[in-house]
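Work through the exercises below with the sequence and the 3D structure in view. Try each task before reading its solution.

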Amino acid sequence: MKEIIEKREISIDNKIFTKEDVISLIKLFNKLSNEILDKSKEIKRKELIQEGWKELNITGKYIDTSHSSLELSASDNSKYTGTFEEILQTNDILDNKRIVEILLYFTEHVFDSKFIIRIEQSKSDFHSSSNYVEVEGQDKIWVNGTIKIVEDFLSNCRNQSMLVKKFKYSIMAFTVLILILFLRNVIELIIKTKLIFPRIMENLFTKDWIYFIIVSSLISLAPAVFIYNWLAKLFPRIEIQTGKDFHQVGKWKPIKLWLIASLIIIPTIISFLLLLL
């Protein structure tokens, strides 16, 4: 009778993975995979001996029922696959390439074990990528022990800043408000300078404030979403820091934040000043 398979899964969110984290994760994955693989090889060896095989004739290919793979995807759409040892020995991939996805996969058939880790760099806050650890098999001790060790490893990885995500709706509401004020100032400036402006539109925007707020809110919503998405890209839910220029990313974040704020606030201030002239 086939034994019951236990399955455990955890999600990965709001984490930063450095090159050192990626290397440590690959080593840990290899170590934990080998633990169940060594047990399965021993079971398989005993089964073959019971079937009448001579121990001298039992080589690795007869007792190894596993399959493992490691795939790294880079931002330039290149992919790298190989054994854990090959990838670890080839450090120039992590040194020179900006990795955007990591997939570690292991299975073996004696204990029906499966071990998967998938990590993908988030493209935006609206992009729902699946980042998870999945462990299953008949050996419950290995399954629960493995998931606990990986959880401990992830808890030691640096957390991503949650400020942008936490104040998502406040940021979008503030942006919409600023853009509404900017539109109002621009329209009043056009009216004030007596440029060509249809009388019906002038009445709507100067007397019917409810209509103006509804229309300007709808106009401002798309830019607000765009600006928020731009902010979220500076602090992706999952960030993989590899390649030559990842150190520059942190240095540019404050500059980009000021640039985004300037694009919203400075034009609004200028429009207010022009109205006062």
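**Exercise 1.** With which residue does K7 form a salt bridge, and how far apart are the closest N and O atoms?

*Solution.* This is a predicted model, in which local features need pLDDT of at least 70, side-chain atom pairs count only at pLDDT 80 or more, and totals for chains, interfaces and linings use all residues. Residues are numbered from 1 along each chain as its sequence is written, and side-chain values use heavy atoms, with hydrogens and water left out.

Step 1: a salt bridge needs a side-chain nitrogen of Lys or Arg within 4 Å of a carboxyl oxygen of Asp or Glu.
Step 2: K7 pairs with E134, with 3.8 Å between the closest N and O atoms.
Step 3: K7 is in strand β1 (residues 6-11) and E134 in strand β7 (residues 132-137), so the bridge ties together parts 127 residues apart in sequence. Strands are DSSP runs of E with at least two residues, numbered from the N terminus.

**Exercise 2.** Which residues are linked with R118 in a network of salt bridges?

*Solution.* Step 1: E101 and R118 meet in a salt bridge of 3.3 Å, N to O.
Step 2: E101 lies in strand β5 and R118 in strand β6 (residues 113-120), 17 residues apart.
Step 3: R118 also bridges to E120, at 2.9 Å between the closest N and O atoms.
Step 4: the network therefore consists of E101, R118 and E120.

**Exercise 3.** Is E101 buried or exposed?

*Solution.* Step 1: buried means under 20% relative accessible area, exposed over 50%, and partly exposed in between (1.4 Å probe, protein chains only).
Step 2: E101 has 18% relative accessibility, so E101 counts as buried.

Key: Helix = DSSP H or I, 4+ residues; strand = E, 2+ residues; numbered from the N terminus.
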